[in-house]
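Me: I have a model open and would like to go through its packing with you, piece by piece. Could you start once it is on screen?

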Amino acid sequence: MPLRIGVHPSNLHLTLAQHWPSGFAARDVEFVPYGEGRDTGRQLAEGLIDIGGTGSTPPIISQVAGLDVLYVAASAPRPANGAIVVAKHSAIRSVKDLAGRTIALLDGSFHTYLLARALEAERLTLKDVKRIELAPIPSRDALIAGKVDAWIAMAPLLDQSIADGGVRTLVACGTAIPNRSVFWTLGRRQLSASTINGFVTELARIGKAIAAEPDRAAQILAGLKLGGVDAAGWRRALRHRDWSIIAADAEVIAEQQDEADTLFRHADIAKRIELAAAMHLRPAS
C-alpha cells in the first residue's frame, strides 16, 4: 500500500515534491490534495492521509484535540516568510499600538503564534486585539482599504506588497518565532522507521534540488497559480528560503513545546500539553 502524503497549497515543499521531475519516483507514494494546512489533523484522523506537512501550529491544535501526534521532520527556520504589517501611512508605529485594533490573519496557523509572541513582548495578549479571519489576498486588500488595522502576511505576497509600497513591516517573523514547516503523522498510523526515514531522505533530496533550480520551482508554482504572484515573484521568494530538511529532533520538539505553552498562556488552547513523547525516534544508523 502506498504512503499517502497529504499536500495543500501552503506547504510549498510538498507541493513542489508532488510536481518535481522524479520526486518520490523511487518510492511507493500517493499524493492526496486537500484545501489547507489547518485541515491536516482531520485528514490524518479520518485515515485519508498517512503523513502531512504544515506550519508549527496545526499539530499542536490537533494534539490538544486528543490526536496522538508524532513529528517526523522539520524545515530550517524561515525568518523571512512572514510578518505583521500595517498600511504604509498607518499611525500604528509599534506592537503596543495594536491594542484594540483589528488584525487580519489565518487563525490557527503560525500567524496566531507570531501574533501572540509579538504581543507578549509588550505585555499584551491575544485578547487585547480583534482577530479577523481572512485569506491572504483579501487581507491585503482590506488593509489597503482601511478595513483592518494590520495583516499577518506571508511570502511571496508579503514581498510583493512591500515592493508595491502599500505596506510596511511592524514585526518580522524571525524576530519573534522560528517559523518552521513541520511534517507529522499519528501514532495510530504505525508507520515503520524505514518508511519515515525514506520520506525524510527524499524530502531533503528534493529540497536540495529546489535550492539548485529556483527558476524551475518558480515556474511550477506560477503554473499552479498559487499565491497571486507571477514566476518572478516566486523566484525572489524561493531564493531567500532555506530548503533544508532535518529529522525531528529535541530542538524542534522544544520549539513546539514553547509554542504550545505560549498559546496556553494566551488561553488560545484549552489545556497545557506535553510534547516529550511526540518525536518519531529514528533508529541508530
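**Helix packing, cores and loops**

Reply: Thr57, Pro59 and Ile60 in helix 3 meet Gln256, Glu259, Ala260 and Leu263 in helix 10, where contact means heavy atoms within 4.5 Å. Helices (H or I, at least four residues) and strands (E, at least two) are DSSP runs, numbered from the N terminus. This is a predicted model, in which local features need pLDDT of at least 70 and side-chain atom pairs count only at pLDDT 80 or more, while totals for chains, interfaces and linings use all residues. Residues are numbered from 1 along each chain as its sequence is written, and side-chain values use heavy atoms, with hydrogens and water left out.

Me: New topic: is Arg4 buried or exposed?

Reply: Arg4, which is found in strand 1 (residues 3–7), is buried with a relative accessible area of 14%. Buried means under 20% relative accessible area, exposed over 50%, and partly exposed in between (1.4 Å probe, protein chains only).

Me: What does the side chain of Arg4 reach?

Reply: The Arg4 side chain reaches the backbone oxygen of Gly47 at 2.6 Å, a polar contact being a pair of N or O atoms within 3.5 Å; within protein, one must be able to donate a hydrogen and the other to accept it, and residues adjacent in sequence count only if both atoms are side-chain atoms. Not counting residues up to four places away in sequence, Arg4 also touches several others, including Glu30, Asp50 and Arg189.

Me: How many residues are in the largest nonpolar core?

Reply: That core has 47 residues, and those with the most contacts inside it are Ile5, Phe24, Val85, Phe183, Phe199, Trp234 and Leu238. The largest share, 7 residues, comes from helix 7 (residues 193–212). A nonpolar core is a set of buried Ala, Val, Leu, Ile, Met, Phe, Trp, Tyr and Cys residues joined through side-chain atoms within 4.5 Å.

Me: What is Trp234 in contact with?

Reply: Leaving aside neighbours within four places in sequence, its contacts include Leu12, Pro156 and Leu226. Pro156 lies in the loop between strand 8 (150–154) and helix 6 (157–163), and a cis peptide bond with omega of about 5° joins Ala155 to Pro156.

Me: Why call helix 1 largely enclosed?

Reply: Because 6 of the 8 residues of helix 1 (residues 12–19) are buried, the rest of the structure largely encloses this helix. The buried ones are Leu12, His13, Leu14, Thr15, Leu16 and Ala17.

Me: Last one: which loops hold Asn179 and Lys225?

Reply: Asn179 lies in the loop between strand 9 (167–172) and strand 10 (182–186), and Lys225 in the loop between helix 8 (214–223) and helix 9 (231–239). Asn179 has a positive phi near 60° and is buried at 5% relative accessible area, whereas Lys225, with a positive phi of about 60°, is exposed at 73%.
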